Every structure is written in structure tokens, then in C-alpha cells.
Amino acid sequence: MTTWEYSSITPEDLEIETLGPGRITSPLAPLLDARRTTEHYVDSGDRVLLDDTAAGISARGVKLEDLPGLEPCGPRRKIYFDPSKTRAGIVTCGGLCPGLNDVISGLVRTLTYHYGVRRVVGFRNGYRGFVSGYGHDVVELSPESVRDIPVDGGTFLGTSRGPQDPEEIVDCLEQMHLNVLFVIGGDGTMRGAMEIVRVVAERGLRIAVVGIPKTIDNDIPFIDQSFGFQTAFSQASEAIRSVTVEAKSTPGGVGLVKLMGRHSGFIACYASLVRSDADAVLIPEVPFELDGETGLLHHLRRRVEQRGHAVVVVAEGAGQELLPPVGRTDASGNAKLSDIGPWMKDRIGEAFSGAGMETTVRYVDPSYLIRSVPANPYDSVYTVRLSQAAVHAAMSGRTGMVVGRVRRRFVHIPMTLAVSRRNQVDPHGDLWMAVLESTGQPWRFGEDSGAPTRAPHT
């Protein structure tokens, strides 16, 4: 369809036929009453815009001056760096995630094959690789050396957590005469990259710093999904399947799976939707209570009485308000979480015993199995496209930005925007509604079980 044909579509062309007005109250009405339109949910009385590009809107005669827009990814006809004189570096930081090796491989191939960059190096063990005190050597990267690394999980270059001195990092970039640095990591890594950009600017250097955002929790804002997320929740769904089999095979069995998700429950939500085995999904965004007629434990006892078994999926950051705080931070500065899994296992067992009900609680924590696997085909393709977009951006002189996909479009996003807040499951959104429909659980377990009590953290 040409631009003209696409722009000729009218509102009347998009009208959907109906058999008549609805007169019967839906069983889902209680779940809908408290919802509001957000970036994650569109009310049925609202509309989803057909056009998502400036050209498409302009073709309809709408003014664009006040519409915010992101710069699209892709190769430019004119570039900033001379490929024959360009040297590039790659570093991976933070926790593991499926697809890291795919990104490394994609960066090297695009730099070498399409731009003719003659030297690409990898820094070992995250930002430590730049600091002389650690004594790490660099890795010379070529298409041949990275050809087979995507078949393995983890990162070929190694990784580490925690900040390093940006002055020393830029010293290293200068000494090695690097023009471009690709940084693969999460929000802490991108904040470190922003410090590198700052020092580069203060010294008046011409070094591009481009990020490929990585987070298994899918908590980078604005982008559709982070790479590796689809692989992660696919693997997590297998853990739910296994614990469901265990729960069904014992009298009064309860299966409990703890999945990754410090502040965002996306893995728990998506994994629980794969097979719809879960009777309850607990995420950080929605607080819950254990006791009382509307609490989680009563819900589980009722499910066991009805079905003979029950399955609970809990994100690692859920229910932290119920546990004593640890009071420490990890190397990245994140507050350490109390371990919700074993605690909940004990509470479930105690509740069933106190009610005189037989049960066996099977507990599974597959976290490291999930994040260390190779990327699935979807994520492999996604990482290739992200790495190509990152190289195009860097060679054109863009810096202080990350690449991502927003509403199916690959775009450039300023680093400041990418770390401005955390992406979370919206209790008013379509995803949480899908989980509630799948599990049959209320909005939340507790006194106020009829509506979500808070919006996502910002």
C-alpha cells in the first residue's frame, strides 16, 4: 500500500459492525470499573491512532509542531566517522541476559562487513576492563572470532557490576585511540555510560557512546520489550509447567515458583500466561495480604479443595513490605531483597496445617537457569536488528543515546530518558487484566480486593 493509499483511509473505513447495543452486565464489569486509560491500557471508548509516523500524520493535514517524536534508527547517507580510520570498543555490564553474545556478534559483523571498520576490541568483565588496576587485556574481535558465540549463553566478554571511575575509562579510550564505544547493559550501566559521555565532552573529545539496553526484567521505559525477555519468560514457563506436574501428583499439592523481577513483574505475568496453570500471580506492583477471607492463603486453600492442587507464581520483589528488610546493597547499589520464596513456602505449609488440610509444597527457583540460556530465534533476530541500529547511529556521530523499538519502530532514545524511570506492570493495564482473567484471582489479595490500589512506580 502506498503512502497515498494509506492516507486515504477514513474513520468510516475503520468502523466495526455490531449486532446492536449491549444490555447485559458483563461478569468482567468489576474488573473494569476502576480502570483508566494509561500508556498500557486503552479504554474501549477511546481510539488507537492508525498513523504512528510524522509523514502519515502530515499526509492528513495535521500540524506536527507540537507532537513529540523520536528519531528513527537506520543508516544515514552522510556519516561522521571515516570507517577506514575508526576504532570501536564493546563492553557488557551487569547481570546476564539471553542474547548478549548475539549483540556482540551483530555489532562486529555490521562494523566490519558494512562499514569496513578495521579494528574492533572487546573489554573484559564490564567497566573493570578499562581500569589498569584490574589488569584485564582486551579481546581483538573479528567476524570469524564471534561467528559461533551466539550458540552459548552468557557473555563472551565477561561482565561485572558496580561503577568505575569514568576518568580512567576515558583515559583508556584515549590511549587506545577509540572513536566509538558500544555499551550493553541495564539502567546502572547506562548511568555509567552517561558519565563517560560527560567526561568525553569535558575533554573536547570526539568519541561516540551508544547503548544497547539490556534487562531481563523488561524494565527499561518506553521501549516495547528488552532483548532476551521473550527467551526468559519462555524458560520460566517451563518451570511453572514442571511445578504444576509436581503439585498435581501429590495430595493437596501446592506448587510455588519464584521468578526474577525486582521491581517489575513482567516475567511472572508473561510466563503465567503461557499455559494458564497458575492460580495466583504475585508481582511487586500490586501489594497483597496473606491472611483473612480475602487473603492469598484462603484463596489457595479454596483452590486445593476445588481442584486438588494449586500453583503460585511470585516475582522476587513481590511482598517485600511483609518481610523484614535486609538493609544492604549489592555492587550496583541496588537494595538487597528479602527472599520471598522460602518464606512463602513456610507460610503456605503452616496455613494448610493450621486448617487441618494435607499439603506438600514444591518450591522452584529457576532464576540462574533462565538468564544464562542462549537467545531463542525471536530474540536472536531482535538483537541483530538492535546491533545494526546501534552501529548506524554511532557511525553517524550520535552519542549519549540508546537504540530500542517503540511501537514496532526502531528509534534513538536519549540515555537520560532511558534511565528516567522504571518500566513496570500497570495494574490498570491490559497485561494485568489478562493475568487476572487467566488465574481467576482478584485485583489484589486483601481487604481492598476489588480494585488496584496504586499505579506503577516512577
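Of the 67 residues in the largest nonpolar core, which touch the most other members? Before I answer, please keep in mind that this is a predicted model, in which local features need pLDDT of at least 70 and side-chain atom pairs count only at pLDDT 80 or more, while totals for chains, interfaces and linings use all residues. Residues are numbered from 1 along each chain as its sequence is written, and side-chain values use heavy atoms, with hydrogens and water left out.

The residues are I90, F182, I212, L259 and W432, where a nonpolar core is a set of buried Ala, Val, Leu, Ile, Met, Phe, Trp, Tyr and Cys residues joined through side-chain atoms within 4.5 Å, and buried means under 20% relative accessible area with a 1.4 Å probe, protein chains only. The largest share of this core, eight residues, is supplied by helix α13, residues 377–395, helices being DSSP runs of H or I with at least four residues. If we leave aside neighbours within four places in sequence, L259 is in contact (heavy atoms within 4.5 Å) with residues including A236, I240, V313 and P366. A second, separate core has 30 residues, V91, A193, V199 and M415 among them.

W432 takes us to helix α15, residues 430–439, where L431, W432, M433, V435, L436 and T439 are buried; the helix is followed by G440, whose phi is positive, near 80°.

How values were computed: Buried means under 20% relative accessible area, exposed over 50%, partly exposed in between (1.4 Å probe, protein chains only). Helices (H or I, at least four residues) and strands (E, at least two) are DSSP runs, numbered from the N terminus.
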